[in-house]
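Dear colleague,

Here is the two-chain structure for your files.

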Amino acid sequence: MSFRKTGAAILALVMAASLPVAAFAEEEKTIEPTEVTFWHGMSNTQEQVLTELTDRFNEENEYGITVKLVNQGNYGDLSTKLTASAVADELPDLAQAYNNWLTAYTDKIVPLDEFVENDFDDYEDLVEGYRAECEQLGFIGALPFNKSTYVYFYNKTMFDELGLEAPKTWEDMLAVGEKFMEEKEMPAFGVDDLAGFLEASLAQNECEYASDEGALFDNEAGLETLEYIMGLYNNGYARLIGEDDYFSSVISTQRIGGYIGSSTGVSYITADDFELGVAPLPTNKKAAANQAGTNIVMFAQDENQQAATWEYMKYLTSTEATTEWAMKTGYLPVRVSAFESDEYQSFMADDITATAAYSQVDAFFPAAMFEASNAVRTSVNTMFEEVVLDELEPEDALAEFVQIINEECDVE
Amino acid sequence: MNRKAGNVIANILKYGVLIIGALFTLMPFLWMILSAMKTNAEIRAIPPVFFPSKFSLENFTTAWKAAPFGRYLVNTLIVTVFNTIGVLITTILAAFAFARLNFPGKKVLLTLLLATMMIPSEMLLITNFITMTKLKWIDTYQAMIVPWLASVFYIYLLTQFFAQIPDALYLAAKVDKCRDFKYLIKIMIPINKGPITTITILNVISNWNSFVWPLLVTNSREMRVLSYGLVQFQTEEGSAYELIMAASCILVIPIMIMYLFLRKYIIEGVTQSGIKG
C-alpha cells in the first residue's frame with residue numbers, strides 16, 4: 001500500500017515535470033481583476049469610437065479588466081504630461097505616444113518582445129512599416145494604433161479643367177505646378193509637415209535623412225532632392241501655410257491646387273463646390289511615404305497590470321477592432337489582414353482617401369528616430385520656412401539644413 | 001449760439017472717438033459671437049463672410065454636448081474664487097510688511113523674491129508637478145489652488161502702492177494707538193482699493209484662462225476646468241473653429257456676468273488708481 005502510494009507520487013512528479021512549458025504558461029495565465037489607465041489624445045469622433053471599443057472590451061474580457069480612458073488634451077499636451085509624469089514616476093499603464101517623445105524616458109517603457117512571442121496573434125501581420133517604427137528603440141517598445149499616412153489631396157475639378165492627371169513623379173509634380181502657375185496663377189502644392197516632406201523626399205531619392213551622426217544627405221542625392229524642393233517653392237508652384245493653419249482650409253476655399261497632408265485630415269476638407277481627388281505621394285527613384293499617427297506604449301509596472309494591459313493592447317490591435325476603428329475614424333488599419341478583409345475592402349471602394357493610402361502601404365517608412373530627432377524636427381521646420389522665404393539656391397538650402405541638423409546633434 | 005454749436009461739435013468728436021474705440025474693442029468679441037453661428041464652410045470662406053447665412057444656435061448645442069461644460073464651469077469657479085481670496089490675503093500682508101514694517105533682512109528678502117520672477121514658469125512645471133504627486137494631490141482642487149497662492153509680481157506691485165502712502169498717516173494712527181493690523185484693514189486697504197481691484201481682476205483672468213497646469217494635475221473629467229473644454233475641438237489635422245468659437249462664448253459668459261455685477265467697483269477702482277497716479 002505504502003509502496004503504491006509512493007509510486008503514484010513519483011509518477012505524478014515525473015508527469016508534472018514532463019509537462020510542456022507552453023501548457024504550463026497557459027495554466028498560469030490568470031489575471032486578477034484590475035483597472036488599467038490609458039492616456040490618449042483623441043477627441044471628437046475619434047474619442048467616441050475609442051470609448052465604444054473600450055466599453056466592449058470592458059464588458060467582454062474574461063478577467064474583469066476595466067480600462068479607464070483618460071483624455072489628456074491634444075498630442076502636445078499629452079506629451080508634456082507624459083514627460084512630467086515620467087520624472088515623477090507617475091506614468092499610466094498605457095499611453096498613446098510618438099517614438100520621439102520617448103527618448104528622455106525609454107527606460108520606463110515595458111519591452112513587449114516576450115509578450116509578442118508568447119501571446120500575440122501573428123505579429124508579422126502588422127504592417128511592416130509600423131513594425132519597424134515600434135522596434136526603433138532596439139526592442140518592441142509599442143504596438144501601432146491610430147496610424148495614418150501622407151497623401152496628395154488635389155482639386156480634381158481644376159485638374160480636369162487643365163487636362164491634368166494626379167502627379168505620379170517629381171517631374172509630374174513640377175509640370176503640374178507650372179501649368180497651374182501659367183493658367184491659374186495659383187500654387188498646386190503645399191505641405192502641412194515640412195520636416196516630414198524633406199525626409200520623405202530624401203527617401204524617394206534613395207538618400208538617408210539623419211541619425212545620431214547628424215545630417216546624412218550632404219551629397220549628390222541630397223542636392224538633387226533640394227533642387228526639386230526649391231524648384232517647387234522658388235517658382236511659386238508651392239506655397240507655405242502662412243496664416244492659414246492647415247492646408248485643409250486652403251484647399252476647401254479653392255486657393256491651392258493640391259497639398260500633402262495626413263490621410264485623416266480629409267474630414268477637415270469641405271469639398272462642396274469641387275470634386276476632391278486623393279493620390280499617393282509623387283515618387284522619384286523609389287516610392288516612400290511617411291507614416292504618421294501614434295502607437296500605444298506600455299508603462300505598467302506590476303506584473304498583473306502588465307498582463308491586463310497586454311490583453312487590452314491585443315484587443316485594440318486585433319483585426320476586428322482595428323478594422324472597425326479605421327472605418328469609423330479614417331485612420332488606417334494596423335494589420336494587413338484588416339486591410340484585406342472584405343469589410344474594409346468594400347469600405348475602401350467608396351473611400352478615395354483610404355484607397356490612395358492603401359496603394360502606397362508598401363512604401364511606408366517611419367520617421368528617423370535618434371536622440372535629437374524631436375529637436376531636429378522643430379529646427380528643420382523653422383529652417384524650411386526660412387530657406388523658402390529667402391528663396392535660397394538649392395546648394396545654400398542644403399548647406400543650411402545640414403548645418404542646423406548637425407548643430408542639434410552636436411556634430412561638427 | 002456759437003458756444004452751443006461748439007459744444008455740439010465737441011460732443012460729436014468726443015463720442016465719435018469713443019465709438020471708434022468701442023468698435024475696436026468690441027470687434028473681436030462680435031466676430032466670436034457671429035463665427036459661433038457660422039457653418040464650417042462659412043468660417044473658412046475667403047474673402048471672409050461677416051454675417052452667417054442663418055443665425056443658428058446649433059454650434060452651441062453641439063459644443064455644449066461635446067463636453068461636460070457645466071461641471072468644468074463649477075470647477076473653474078471653485079479654483080478661481082479660492083485662489084483669488086488666497087492671493088489677496090498673501091499679497092496684502094506681504095506688501096504691507098515690505099512697505100511699512102521694519103525687520104532685519106527685508107531688502108534681501110524682497111530681492112530674493114524678485115529674483116524668482118526671473119525663472120520662467122515653464123521651468124517650475126515639472127518640479128511643482130513632482131511635489132503634487134508626492135503630496136498625493138493629483139486630481140484635487142488644492143493642486144490647482146495652493147501652488148499659486150502667492151504671486152511675487154502682485155506683491156511687488158502692491159508694495160509700490162503701499163509705499164506711496166505718506167508715513168505721516170501711519171504715525172498719526174500710531175499716536176491714536178491703532179495697531180498695525182487695524183491700520184492695514186481700516187486705512188491701507190480702502191485707500192488702495194484701485195490697485196487691489198486690479199490685482200483681483202488680473203488674477204481672476206489668469207485663473208480663468210490657465211490651461212497647462214490644471215491639465216497636468218488633473219486626470220478625471222470631473223476635475224477638469226473650462227479651458228480644457230476648448231481642446232475638444234482641436235486635433236492634429238485641423239480644428240473645428242465654429243465649435244471653438246461657440247465654446248469660447250460659453251467660456252466668456254460668466255466673466256461677463258461678473259463684470260456686470262462688479263462694474264461699479266471695477267470702474268471705481270480703475271479711476272481711483274488713475275487719479276492717485
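Two residues are taken to be in contact if their C-beta atoms, placed from the backbone, lie within 7 Å. On that basis the contact draws 26 residues from chain A and 22 residues from chain B. Please keep in mind that this is a predicted model.

On the side of chain A that touches chain B, the elements giving two or more residues are helix H4 (75-87) and helix H11 (247-252) of chain A. H4(A) supplies the largest share of that side, six residues. Sorted by class, the side of chain A that touches chain B holds 14 polar, seven nonpolar and five charged residues.

Next, the backbone.

Asp122(A) is not a glycine, yet has a positive phi of about 50 degrees. Asp122(A) lies in the loop between helix H5 (113-118) and helix H6 (128-134) of chain A. Is Asp122(A) buried or exposed? A residue with 12 or fewer other C-beta atoms within 10 Å is exposed; Asp122(A) has 10, so it counts as exposed.

In chain B, Asp139(B) also is not a glycine and has a positive phi, of about 70 degrees. Asp139(B) sits in the loop between helix H6 (121-134) and helix H7 (141-145) of chain B. Asp139(B) has 15 C-beta neighbours inside 10 Å and therefore counts as partly exposed, since that class lies between the exposed limit of 12 or fewer and the buried limit of 20 or more.

Regards

Definitions and conventions. Residues numbered from 1 in each chain as written. Chains lettered and ligands numbered in written order. Predicted model: local features only at pLDDT ≥ 70, side-chain atom pairs only at ≥ 80, totals over all residues. Helix = DSSP H or I, 4+ residues; strand = E, 2+ residues; numbered from the N terminus. Nonpolar A, V, L, I, M, F, W, Y, C, P; charged D, E, K, R; others polar.
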